[in-house]
Amino acid sequence: MKKILSIVLVLTLILAVAAYAYAADTSSPADDPVISEIVASGSLTFSGTTANCSGSVSDLNKNIVATMTLSQGSTVVGSWSGSGTSYVPLNGSCTVTKGLSYTLVISGTVNGVSFSTTPITKTC
């Protein structure tokens with residue numbers, strides 16, 4: 001009797017472990033929630049009196065509309081726009097004046113939600 005009880009107990013334990021392993025294996029990456037995060041960054045460099053501006057905005061499977069703006073004080077000296085899904089690159093250059101400070105900002109919307117980067121300010 002003890003032998004039969006031991007065999008039944010072992011079989012029950014094996015079946016329980018197999019059922020748990022099957023349940024853990026049935027989920028797929030598509031079932032997991034995807035955390036969305038806007039990633040926007042820019043760069044401002046100078047070559048003589050030319051400001052070189054670049055940047056990008058990304059957010060997986062989202063509709064992106066973005067504008068990169070270079071300003072000197074309250075005056076806009078250059079602006080470049082782009083749109084797309086998941087990733088939008090931005091590039092542009094314009095003539096600037098040595099000794100003055102310029103500020104680069106990327107702003108826009110991702111699926112209709114507004115965003116704006118931290119301004120980058122540098123002196124030519």
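For burial I use relative accessible area: under 20% is buried, over 50% exposed and in between partly exposed (1.4 Å probe, protein chains only). This is a predicted model, so I keep in mind that local features need pLDDT of at least 70 and side-chain atom pairs count only at pLDDT 80 or more, while totals for chains, interfaces and linings use all residues. Residues are numbered from 1 along each chain as its sequence is written, and side-chain values use heavy atoms, with hydrogens and water left out.

Entry 1, rings. I looked for Phe, Tyr and Trp rings (six-membered ring for Trp) with centres within 6.5 Å; planes under 30 degrees apart are stacked, over 60 edge-to-face, the rest tilted. I found one aromatic pair in the structure. F46 and Y102 have ring centres 6.0 Å apart and planes at 55 degrees, so I log the pair as tilted. F46 sits in strand β1 (residues 39–47) and Y102 in strand β4 (residues 101–110), so the pair ties together parts 56 residues apart in sequence. My strands are DSSP runs of E, at least two residues, numbered from the N terminus.

Is Y102 buried or exposed? I get 2% relative accessibility for Y102, so it goes down as buried. F46 comes out partly exposed at 23%.

I find K122 in strand β6 (residues 120–123), partly exposed at 38% relative accessibility. Leaving aside neighbours within four places in sequence, K122 contacts L44, F46, L100, S101 and Y102, contact being heavy atoms within 4.5 Å. I also noted the K122 side chain reaching the backbone oxygen of L44 at 2.9 Å.

Terms used. Helix = DSSP H or I, 4+ residues; strand = E, 2+ residues; numbered from the N terminus. Polar contact = N/O pair within 3.5 Å; in protein donor to acceptor, adjacent residues only side chain to side chain.
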